[in-house]
Amino acid sequence: MDRPAPDPRKLLDHWEEWERGETPPGRVMSDLKTGGLRELLQDLAAAAAGGGEES
């Protein structure tokens, strides 16, 4: 089953909950992982390196 594309707004919400002290670090890391943070960062890194451009 395919995961939906990462939602940057939701990922930021998880991060901000941690900053406010509402969510423990382990829960935040889990939420970021299941929310697709790695995929989002990979896409951004590829775009920054020029890998996101069409030939």
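How many helices and strands are there in the protein? In this predicted model, the protein contains three helices and zero strands. Read along the sequence, these elements follow the pattern α-α-α.

The overall dimensions were examined next. The radius of gyration of the protein is 13 Å, whereas a compact globule of 55 residues would have a value near 10 Å. Along the principal axes, the C-alpha atoms fill a box of roughly 45 × 25 × 15 Å.

Solvent accessibility was then considered for the whole protein. Of the 55 residues, 13% are buried.

With regard to charge, the protein carries 7 positive and 12 negative side chains. The centres of these two sets are separated by 7 Å.

A local feature of the surface involves nonpolar side chains. Leu12, Trp15 and Trp18 together make a nonpolar surface patch of about 280 Å². Of these residues, Leu12 is located in helix α1, which spans residues 8–19. The relative accessible area of Leu12 is 35%. Because this value lies between the limits of 20% for buried and 50% for exposed residues, Leu12 is classed as partly exposed.

Key. Residues numbered from 1 in each chain as written. Predicted model: local features only at pLDDT ≥ 70, side-chain atom pairs only at ≥ 80, totals over all residues. Heavy atoms only, no water. Patch = residues over 30% accessible without salt bridge, like charges linked within 9 Å, V, L, I, M, F, W, Y side chains within 5 Å. Areas by Shrake-Rupley, 256 points an atom, 1.4 Å probe, with all protein chains shown as cover. Salt bridge = Lys/Arg side-chain N within 4 Å of Asp/Glu carboxyl O. Helix = DSSP H or I, 4+ residues; strand = E, 2+ residues; numbered from the N terminus. Buried < 20%, exposed > 50% of the residue type's maximum accessible area, 1.4 Å probe, protein only. Rg over C-alpha atoms; globule rule 2.2 N^0.38 Å. Lys, Arg positive; Asp, Glu negative; His and termini not counted. Charge placed at Lys NZ, Arg CZ, Asp CG, Glu CD.
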